[in-house]
Structure formats: structure tokens, C-alpha cells
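Welcome! Keep the 3D view open while you read.

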Amino acid sequence: MDLEENLEENIEEEKIVAEAARAAETAEDSRALYEVKMQYLGRSGKVTSLMQHMKKLAQELRPTFGKRVNDLRARLEAMFAELDARAKEREMAKKLAAESVDVTMPGRKLSHGALHPVTIVKNRLIDIFAGMGFEVFEGPEIENDYYNFTALNTPADHPARDMQDTFYVQGGLLRTQTSAGQIRLMEKKKPPIKMLSPGRVFRSDDDATHSPMFHQMEGLVVDRGITLCDLQGMLDEFVKAMFSETSKTRLRPSYFPFTEPSVEVDVSCHACGGKGCALCKGTGWIEVLGAGVVNRRVLENCGVDPDEYSGFAFGMGIERIAMLKYGINNIKLLTENDVRFLEQFKD
Ligand code: PHE
């Protein structure tokens with residue numbers, strides 16, 4: 001068309017629309033269609049440049065010309081909008097067909113985290129003893145010689161130190177027993193005391209039932225008139241709550257520098273009921289903790305008058321309780337972090 005000449009006669013809308021429709025037909029997808037649209041309606045598209053020619057027209061011709069171009073723009077816009085909608089529909093259908101969903105397929109399993117068996121047992125212990133009025137007190141993992149040994153009536157030359165070889169750091173050691181917490185608490189708090197002290201302890205030990213790091217739960221009761229009978233009564237309650245209603249305890253004489261008398265506490269085997277099985281190695285009893293009446297010297301070391309007050313203390317390995325409760329035969333399983341092992345302990 002010759003725009004320079006009789007411009008208003010030469011717009012040829014039908015021809016332009018037909019031409020645009022043909023070009024649009026060749027577009028493979030919505031993106032190509034957009035390119036075609038731009039050739040007509042874009043900033044330097046055909047329709048836009050028609051508009052620019054308007055300034056060359058006589059003033060009186062401009063309104064009619066402008067309207068025609070605008071109408072043409074509107075027709076093209078409507079046409080492209082419809083073609084674009086259809087192209088996008090086709091594209092979506094194609095995409096859905098490619099991504100066909102098998103509704104009979106099993107869903108993806110969401111895995112939930114769970115508490116570690118040592119944490120489960122620790123929480124259970126706290127629950128049981130909190131019910132008897134014990135309060136939790138946590139001591140530091142890096143201790144010094146005084147709290148870990150000396151104040152617990154285990155001076156530097158004491159042979160009992162040999163059994164608790166540990167890891168030494170500058171100015172201290174990794175505590176070998178939560179018993180150190182007994183001293184720290186008694187220095188702070190006057191009787192009556194009912195303390196429960198859970199935490200990590202460290203020893204130079206390593207086999208199927210011992211690990212260089214493990215957890216203990218310490219208990220300490222100090223008041224007027226506390227005896228071994230109180231310890232025994234409390235332990236009976238404890239094993240019933242922890243293992244089974246029919247569990248019983250047995251005290252055997254033992255030795256700890258910080259208790260006098262000292263005992264090892266056995267619980268009747270919950271697997272065989274005391275008849276003897278593999279778990280209890282045929283004896284019907286399983287050793288669960290060490291305990292005793294607090295040694296007078298320990299009370300004295302903490303400024304507690306042993307003629308006025310007495311107490312009992314106990315300490316148990318949390319891993320050991322967990323192993324007994326769940327039938328775990330190797331302590332290493334508790335630190336290997338194998339999810340297949342750990343996920344069996346969801347409550
Ligand atoms: N601390 C002792 C140990 O580690 C256990 C214990 C605690 C014994 C309290 C008596 C009293 O073996």
C-alpha cells in the first residue's frame with residue numbers, strides 16, 4: 001500500500017488482518033505467536049507505524065484515520081488473545097499428558113524424627129524421680145580433680161581412681177561420674193536435698209558394653225534420719241516404674257569411697273521373671289546401679305554436719321538401662337546413628 005499517497009484509503013484492514021492470521025497460523029507455540037503479534041502490535045510493529053504516519057495527514061482527516069487504526073489494533077489484539085489462549089491450552093494439555101499421574105501409586109512416606117533411646121530413658125527416669133520429689137541439677141562435663149575425686153573421699157593416692165581413668169585437659173578432666181554434682185549441689189544448697197543429676201561422663205573404656213562417653217543419672221537425698229532402708233524403698237518403687245510391676249531389687253555389698261555402706265543394686269530379670277535366661281546370664285538378676293549411704297567425710301567436705309544429717313546416693317548408666325529395657329546387645333549401636341536402628345524406638 002502506498003501510505004504516502006491517499007493514506008486514509010490505503011490502510012487495507014482486511015488484508016492486514018488476513019496476513020496476520022496467516023502468520024499466526026505458522027506459529028508453533030505461544031512464544032512464536034507472541035513474536036508474530038509483536039510484528040503487528042509491538043513498538044515498531046506494522047500497526048504502530050501506521051499511527052505514526054498520522055502526522056502527515058491533513059488535520060481534518062486525522063480523527064477518522066485514527067479511529068480506523070485503533071479499530072484495526074483492537075481486532076488484532078482480540079485475535080491474538082484468542083489464539084494465545086488456545087495455544088496455552090494445547091501446551092498445558094501436552095504437559096499434563098507427559099506427566100501422567102498414577103493414582104494407584106503408594107504415597108511418599110514422610111519420616112518423623114524421634115527421640116534417641118538414651119533421651120527417652122533419661123526423660124523417663126526424670127519423670128519417675130520427679131514424681132518422688134527429686135529436682136534436676138546439672139553439673140559441668142569438664143570437672144576438676146577436687147569435685148570428681150578428692151571431695152568424694154577419693155584422694156590422689158586412692159586405688160579407686162584406677163577404675164576411672166579418664167581424659168585430662170588443661171586444668172581439669174572430663175568427669176568420670178555425675179557424683180561430682182553431689183558436691184557442687186551440697187556446696188550451694190543446705191539439706192533437705194533431693195537431687196537428680198543426669199549427664200555425660202567419660203572414661204578410658206571401650207568394649208561391647210562400655211563406651212568412652214556414656215550417660216549417668218545420679219541421685220542424692222540428704223535429710224535428717226535418712227538410712228539404707230529409704231534407699232531400698234525408693235529403689236523398689238523405681239524398678240517397678242521402669243521395668244515392670246513385678247520387678248524386685250536385691251542389694252549386694254560393694255565399695256565406693258564416697259558411700260558407706262556401699263551396695264550394687266540388682267533388679268529381677270524382666271525378660272524371664274527371675275527364672276534365668278540369656279539376658280540375665282542364667283542368674284535371674286541384672287545389675288543396674290551403684291549406691292550407698294553418703295560417707296560422713298563427703299558431708300563434712302561440703303559443710304554438712306554428719307551428726308545431724310545423713311543421706312543416700314545412687315548412680316546408674318543410662319545406656320545400660322536403655323540396653324536392658326530394649327534388649328540392645330551392643331552399646332555402639334547407640335552412637336552409630338543408623339536411622340534403621342533408631343527409628344524402632346518411637347513411642
Ligand atoms: N559414681 C559411681 C560410679 O560411677 C556410682 C555411684 C553413685 C555409687 C552414687 C554410689 C553412689 O560407678
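Strands (E, at least two residues) and helices (H or I, at least four) are DSSP runs numbered from the N terminus, and two strands pair if DSSP finds at least two bridges between them.

This is a predicted model, where local features need pLDDT of at least 70 and side-chain atom pairs count only at pLDDT 80 or more, while totals for chains, interfaces and linings use all residues. Residues are numbered from 1 along each chain as its sequence is written, and side-chain values use heavy atoms, leaving out hydrogens and water.

**Strands and their partners**

- β3 runs antiparallel to β4 (residues 172-174), and two bridges join them.
- Within this pair, Val 169 stands opposite Gly 172 in β4.
- β6 runs antiparallel to β5 (residues 193-202), joined by 10 bridges; here Ile 193 stands opposite Val 222 in β6.
- β6 is also joined to β10 by eight bridges, again antiparallel, and Gln 216 has Gly 317 in β10 as its bridge partner.
- Nine of the 11 residues of β6 are buried, so this strand is largely enclosed by the rest of the structure. Buried means under 20% relative accessible area (1.4 Å probe, protein chains only), exposed over 50%, and partly exposed in between.

**Around the ligand**

- Of the 15 residues around the ligand (a heavy atom within 4 Å), those that come nearest are Gln 177, Ser 179, Arg 203, Gln 216 and Glu 218.
- A polar side-chain atom of Gln 177 lies 2.9 Å from a ligand nitrogen atom, and a polar side-chain atom of Arg 203 lies 2.6 Å from a ligand oxygen atom.
- Taken alone, the ligand exposes 330 Å², of which the protein buries 92%; these areas come from the Shrake-Rupley method with a 1.4 Å probe.
- β6, β9 and β10 are the elements that give two or more residues to the shell, and the largest share, three residues, comes from β10.

**Helix α10**

- Which residues of helix α10 (residues 318-326) are buried? They are Ile 318, Glu 319, Ile 321, Ala 322, Met 323 and Leu 324.
- After α10 comes Gly 327, whose phi is positive, near 70°.

Conventions. A polar contact is a pair of N or O atoms within 3.5 Å; within protein, one must be able to donate a hydrogen and the other to accept it, and residues adjacent in sequence count only if both atoms are side-chain atoms.
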